[in-house]
Amino acid sequence: VLVDCSILNTLYEGDAIPVDWAWDSADGIAVQDGARLAAEGCVLEGNTGIGIAAHSPGTELLVVDTVIRDTLPDESGLGGHGIGVYDGARMLAEGCELEGNHDAGILVSDSGTKATLVDTVIRDTQPDEYGEIGFGVVVQGGGELWAQGCDISGNTSVGLYANHSGTGVRLLDSVVRNTLRLNDGRYGHGI
């Protein structure tokens with residue numbers, strides 16, 4: 001359990017990342033292989049790769065009243081997600097604020113992966129290094145999202161993006177607004 005912690009400006013350097021991890025990054029928090037983590041009242045800012053990553057079946061993540069902002073892409077230009085939930089992990093985020101991350105504020109990917117968002121704000125997600133994407137929320141590859149009372153606003157390209165067979169999204173009492181177009185005028189879609 002992490003309470004009232006700050007995790008700031010993690011940097012990737014050389015071969016410091018374990019071989020079995022999916023990206024060459026320096027995530028603020030990484031939980032995998034069936035581990036459980038709860039974070040409450042924390043601030044994650046300026047980290048590289050993913051602010052908080054949950055990966056693999058049996059992995060559980062609880063994030064409450066936490067701010068995740070300005071996550072940066074890794075050396076290869078990938079990532080910058082505020083929260084990434086993958087490969088069968090489960091996550092509940094309540095009362096959180098994700099702001100100014102890159103590529104995706106929240107990414108939920110892969111069959112068996114489930115994420116729940118309650119009273120959470122996802123805003124101002126910035127485009128990737130190619131000037132594309134900047135989605136507020138991405139659900140893909142059979143992942144599932146249940147969101148209630150959320151504000152998805154000011155993101156770039158698409159506010160909430162769902163893709164692939166088996167992917168499920170349930171959005172209740174939430175707002176998707178003010179999605180920005182790319183510099184070339186494309187997109188600007190809410191959902």
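Ser56 lies in the loop between strand E6 and strand E7 (60-64); helices (H or I, at least four residues) and strands (E, at least two) are DSSP runs, numbered from the N terminus. At 6% relative accessibility, Ser56 counts as buried, a term that stands for under 20% relative accessible area, with exposed meaning over 50% and partly exposed in between (1.4 Å probe, protein chains only). Setting aside neighbours within four places in sequence, Ser56 is in contact with Gln32, Asp33, Gly34, Tyr86, Asp87, Gly88 and Ala89, where contact means heavy atoms within 4.5 Å.

A word on the source. This is a predicted model, in which local features need pLDDT of at least 70 and side-chain atom pairs count only at pLDDT 80 or more, while totals for chains, interfaces and linings use all residues. Residues are numbered from 1 along each chain as its sequence is written, and side-chain values use heavy atoms, with hydrogens and water left out.

I turn now to the sheet. Six strands form an open sheet with parallel pairing, in the order E3-E6-E9-E12-E15-E18; two strands pair if DSSP finds at least two bridges between them. Strand E3 (29-32) and strand E18 (160-163) stand at the edges with a single partner strand each, so one side of each is left without a neighbour in the sheet. On average, neighbouring strands of this sheet are turned by 5° against each other, direction ignored; the axes are lines fitted to C-alpha atoms, for helices over the stretch in contact, and angles run from 0 to 180 degrees between N-to-C directions.

Next, strand E9. Why is strand E9 largely enclosed by the rest of the structure? Six of the six residues of E9 (residues 81-86) are buried, so the strand is largely enclosed. Strand E6 (residues 50-55) pairs with E9 in the parallel sense over five bridges, and His55 has Tyr86 as its bridge partner in E9. Four bridges join E9 to strand E12 (residues 104-109), again running parallel. In E12, Tyr86 has Ser109 as its bridge partner.

That brings us to Ser109, which is placed in strand E12 and counts as buried at 7% relative accessibility. Not counting residues up to four places away in sequence, Ser109 touches Val85, Tyr86, Asp87 and Gln140. With the side chain of Gln140, the side chain of Ser109 makes a polar contact (3.3 Å); such a contact is a pair of N or O atoms within 3.5 Å, and within protein one must be able to donate a hydrogen and the other to accept it, with residues adjacent in sequence counting only if both atoms are side-chain atoms.

Finally, strand E15 (residues 135-140) is joined to E18 by four bridges, and the two run parallel. Here Val139 stands opposite Ala162 in E18.
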